[in-house]
Amino acid sequence: MQGLAPLLAVGLVDVIWMVVSLLAMFTGLSIVVLSLVWLERKALGRLQLRLGPTRTGLFGLLQPVADAIKLILKEDIIPNSSDRAIFWVAPVIVALSAFMIWVTIPATEGLVLRNLELGLFYITAFAVIGILGLVLAGWGSANKYGVLGGLRSAAQLISYEIPVIMVVVAVGMLAKSLDLRVIVAAQEQIPYVALLPLGMVVFFIAGLAEVGRTPFDIYHAESEVVGGPFVEYSGAHWSVFFLAEYINTFAIAALVVLLFLGGWSWPFDAAALAWLPSLPDIAWVGGLLSVIWFLLKVYAVIFVVFWIRGTFPRLRIDQLMAFAWKAMVPLSFYAIVITGVYLFYDWPAWTLTVMSLTGLVVVGYIVYRKMMEPARRIAEIKARQAAQVAERRASRQAS
Amino acid sequence: MSWFLFIILAFFTLAGGLGVVVTRNVVHAALFLLVSLVAVAGLYLILFAEFLALVQVLIYGGAIIIVLLFAIMLTRTAEYPYISDNKQWPLAAVAAAAVGVVLGAAFLDSNIPETSPNSPAFADLANSLFTTWAIPFEVASLVLLVALIGAIIIARTGEDNR
């Protein structure tokens with residue numbers, strides 16, 4: 001018993017520290033979500049030749065705050081026929097998995113809640129738990145659209161989980177580590193997007209599908225399943241799903257930056273930056289700069305996500321699943337194979353780039369052909385009809 | 001501290017297991033199973049088996065429970081969600097007791113080394129898994145493949161009869 005007291009004291013300090021840092025993470029992520037909501041409204045508005053929010057504060061900056069207040073004040077309806085326990089637990093599971101992922105995502109060398117040696121594996125493990133929340137949400141609402149949406153989300157998210165994990169494995173092979181800080185350090189010279197562009201494309205597309213952003217928002221498609229798993233949710237409960245979706249989008253963008261765009265490392269080495277007025281050599285200044293650089297990269301990726309939302313129409317569910325299993329999964333396996341060959345034979349780096357670009361172009365062309373097939377067929381039929389008409393006219397003239 | 005954690009996690013493991021058996025609602029049973037499995041992952045963490053804990057969360061907490069829910073929702077349990085036992089329960093109880101006895105005997109009989117924070121690194125684990133134990137590993141994946149094919153065959157024969 002004598003050894004227990006100091007142990008408990010250490011434990012208590014640790015626990016308090018843990019709670020404080022978790023709260024800090026929660027606050028930071030909430031601010032990020034507010035900024036994302038504003039950015040999305042503004043970007044979408046501009047893409048659709050509108051102004052976006054302008055009335056609330058400067059440039060409509062307070063619009064997300066107004067949205068949040070509206071959501072929280074809204075009546076929270078729990079349908080009578082719903083399975084109350086599951087209805088309550090589902091948003092909690094979704095939000096928990098969204099926040100748990102951020103525990104190990106570093107914003108810079110020193111700014112990470114808990115760096116894990118198996119960081120990437122941890123992230124994939126907890127991302128899967130989120131799917132469970134969606135399925136349960138659909139089931140718990142006792143709504144046919146809800147159940148359909150839940151099943152859709154399970155099918156979609158499990159299918160797109162495979163390419164995400166496989167590409168992560170390829171990156172882990174390149175860096176010889178699953179520790180996100182080591183992976184970023186390994187990209188000091190060449191970011192992995194130059195080595196494995198295929199990996200980044202697959203990860204980004206499958207990541208979009210994982211968080212249900214627009215070309216892939218099948219499971220909560222308003223025109224098909226009227227909101228899917230969220231159909232019966234309103235007010236604060238619904239806003240938890242909303243929060244989790246935006247946090248997950250941010251996580252995917254952050255992972256794209258960490259795994260492929262070099263994280264917080266600068267594109268130039270110190271010698272090339274020597275002409276700049278030298279900064280005071282304080283640790284936190286450098287840290288702050290790299291956090292800002294990291295965030296800039298992440299927001300650039302996020303902007304592409306919003307841009308895609310403003311540009312592409314929604315896929316059909318059969319197209320979605322076919323794309324996952326016929327294009328994404330084979331491509332991700334191809335990424336592992338070429339990475340393995342490259343590492344085993346110790347070829348020069350450009351061979352990996354060439355191999356992955358070849359795969360990307362070939363599969364891209366096949367997908368393009370498939371997409372254009374209906375149009376091609378229509379053109380064929382029209383040509384045949386025109387030929388028949390011409391033939392008939394010719395024979396009539398002959399007789 | 002670790003004793004305290006162990007007691008909490010053990011409680012959740014057992015309570016989850018009990019909930020699976022006792023609850024009348026199949027979906028609730030799946031949720032209880034989730035609680036139990038995640039608590040087991042926590043137990044692995046206490047034993048410094050980080051990798052095993054994450055695998056437990058990924059495979060059991062994520063994949064297996066999702067597939068279970070999928071099966072529950074795709075079959076017609078929606079129309080009768082409250083049928084969760086049948087007349088075979090004494091047999092099941094006997095089987096469970098037998099497994100319990102075997103596990104208990106094995107536990108009493110074996111000499112379990114104490115774990116330390118310096119658990120084997122992830123790389124060592126991978127090395128032994130893919131060199132020393134490569135064949136069992138491959139056989140395990142073959143078993144999964146056989147199960148997959150079996151499921152497809154069962155589903156297809158049902159289609160022919162219709």
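Reader: What makes the crossing of H5(A) and H3(B) left-handed or right-handed?
Author: The crossing of H5(A) and H3(B) is left-handed. That word is used if the near helix is turned anticlockwise from the far one by less than a right angle, and right-handed if clockwise. The axes of H5(A), residues 144-175, and H3(B) cross at roughly 140° and come within 11 Å. Axes here are lines fitted to C-alpha atoms, for helices over the stretch in contact, with angles from 0 to 180 degrees between N-to-C directions. Helices are DSSP runs (H or I, at least four residues; strands are E, at least two), numbered from the N terminus. This is a predicted model, in which local features need pLDDT of at least 70 and side-chain atom pairs pLDDT 80 or more, while totals for chains, interfaces and linings use all residues. Residues are numbered from 1 along each chain as its sequence is written, with chains lettered from A and ligands numbered from 1 in the order in which they are written.

Reader: Which residues make the contact of H5(A) with H3(B)?
Author: A:Val147, A:Leu151, A:Ala154 and A:Ile158 of H5(A) meet B:Ile66, B:Phe70 and B:Met73 of H3(B). Contact means that C-beta atoms, placed from the backbone, lie within 7 Å. By class there are seven nonpolar residues, no polar and no charged. Nonpolar covers Ala, Val, Leu, Ile, Met, Phe, Trp, Tyr, Cys and Pro; charged covers Asp, Glu, Lys and Arg; the others, Gly among them, are polar.

Reader: How many residues are in contact between chain B and chain A?
Author: 18 residues of chain B are in contact with 23 residues of chain A. On the side of chain B, H3(B) gives the largest share, 13 residues. That side has 14 nonpolar, three polar and one charged residues.

Reader: Why are H8(A) and H13(A) called oblique to each other?
Author: Their axes are 7 Å apart and pack at about 45°. Under 35 degrees counts as roughly parallel, over 145 as roughly antiparallel, 65 to 115 as roughly perpendicular and the rest as oblique. H8(A) and H13(A) are therefore oblique. Among the residues that meet are A:Pro197 in H8(A) and A:Thr353 in H13(A). This contact has five nonpolar, four polar and no charged residues.

Reader: And what are the domains of chain A?
Author: Domain 1 is 1-73, and domain 2 is 80-271 + 280-370, with bounds from an automatic or database domain assignment. Their C-alpha centres lie 20 Å apart.

Definitions and conventions: Two residues are in contact if their C-beta atoms, placed from the backbone, lie within 7 Å.
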